[in-house]
Amino acid sequence: MIWVFRLYVLAVAAFWIGVVLDTRRKQQRGEWRLGRDAPVLPDLPWLRVIIPARDEARNIGDCLRSVYAAGHPRLRVTVFDDGSADGTADIARALGAEVEQGDQGALPDGWRGKTWALQRATRGPSGQGREEEWLLFLDADVRLEPGSLARIHSFAVAEQTAFLSGFGRLTMESFWERVIQPVMGGIILSGNPLHRVNDDNEQEKVIANGQLILVRRADYEELGAHSAVASDILEDVGLARHFRKNGKRMRALLMRDLFSCRMYTSLEEIWLGWTKNFYVGLRKKPLVAVGLALFLFLYNVLPWGLAVAGGIAGGEWAVGGVGLLLIVQGARLYLDTVMGQDRLYGLMQPLGSLMVIGIVLDSVRRVRMGRLVWKGRVYGG
């Protein structure tokens, strides 16, 4: 038994030390990052920002104000109001955005709500004879930093990138956000290393973030626009795969200095949002889902239990258990510092991991039952 314990301690300690060293190396090199020092090209082409919004009255005003302050010389902003009942459209109009109106009608067969909204939004009139060369799909809960739009757009133009997506800074205010969201973010980024995601020959590890996606309009329309991913729950990843599969350059970058997003505000939103996406993101592979749940338990939760048990048993059990816990929590402290997250909540890592395990397993259940719920709509898996 003691040999199993020793091997476990070594494996978990080696993993977390490796995570810290890899993160430090990437920080020093600035790999796959786009920040405030990114250059801005002169004479950028026209950019159309499209914000799909369904009952986003609490978000749309701050989002639009951040867009207008984000700095772009040729900008048009469209809000597609997808049947809102909370005054979203009125707020958008008052702030000067063009509003295209959806309705509360049933979705066409084979379409999801967001993909149908974006498909209709991009088919709207170009306005004053302009034909925008680039489209930026932006979620209403995104807040852009000043100067960010021109920098993001300049990168795509200079690098001849047809599809560009970014991972911004997570804004977390409630208890459950601070407990669950860092664990979720860590899983997504560690499971999709950006050196592979941004390899033009890579077909398996492709990821995108629907909060912010920039596409070259000619390529987007050539590939069928959002009709190509009409039925995808994860339309952002599906669209990125579609671009990559068809030989278009796509990139996903860390943009923590350029935008932020508060994804969810309550435990209910967190649970429904992630159960809608997570198992689909694992490509509906049950063994992968079970393996992830087991990994989270062994590497994030069990060290706490062993530290308590070791303290009671004493001897080598105490040294190994407490020592392992210090390594695990030291690694989490370092990662929270790097990511600018509340370091106190790193102590909640076992609780956050247990909640994520529950979300993963519930996501499997909901997808297999065809009962995915989001913003008043029920989707099949």
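Modeller: What follows goes through a helix, the cores and a sheet of this predicted model.

Biologist: Start with H12. How many residues, and what does it reach from its first C-alpha to its last?

Modeller: Helix H12 (residues 315-339) has 25 residues and spans 36 Å between those atoms, close to the 36 Å expected at 1.5 Å a residue.

Biologist: Which residues of H12 are buried?

Modeller: Among them are Ala318, Gly321, Leu324, Leu325, Val328, Ala331, Arg332 and Leu335. An α-helix has 3.6 residues a turn, so residues three or four places apart point the same way.

Biologist: And what do the buried residues of H12 pack against?

Modeller: Four helices: H1 (2-29), H6 (175-191), H11 (286-313) and H13.

Biologist: What comes just after H12?

Modeller: Gly340, with a positive phi of about 70°.

Biologist: Now the largest nonpolar core. Which residues have the most contacts inside it?

Modeller: Val49, Ile51, Leu138, Leu144 and Met255, in a core of 67 residues. Helix H13 (residues 349-369) gives the largest share of this core, seven residues. Apart from it there is another core, of 21 residues, including Ala117 and Phe243.

Biologist: Back to Met255. What does it touch?

Modeller: Leaving out residues up to four places away in sequence, Met255 touches residues including Leu34, Ile152, Leu164, Phe167 and Leu212.

Biologist: Different topic: what is the strand order in the open sheet?

Modeller: E5-E10-E7, three strands with mixed pairing. Strands E5 (142-144) and E7 (169-170) are the edges, each pairing on one side only.

Biologist: How do E5 and E10 run?

Modeller: Antiparallel, with three bridges joining E5 to E10 (residues 259-261). Val142 stands opposite Cys261 in E10.

Note on methods:
Residues are numbered from 1 along each chain as its sequence is written. This is a predicted model: local features need pLDDT of at least 70, side-chain atom pairs count only at pLDDT 80 or more; totals for chains, interfaces and linings use all residues. Side-chain values use heavy atoms; hydrogens and water are left out. Two strands pair if DSSP finds at least two bridges between them. Helices (H or I, at least four residues) and strands (E, at least two) are DSSP runs, numbered from the N terminus. A nonpolar core is a set of buried Ala, Val, Leu, Ile, Met, Phe, Trp, Tyr and Cys residues joined through side-chain atoms within 4.5 Å. Buried means under 20% relative accessible area, exposed over 50%, partly exposed in between (1.4 Å probe, protein chains only). Contact means heavy atoms within 4.5 Å. The expected span of a helix is 1.5 Å times one less than its number of residues.
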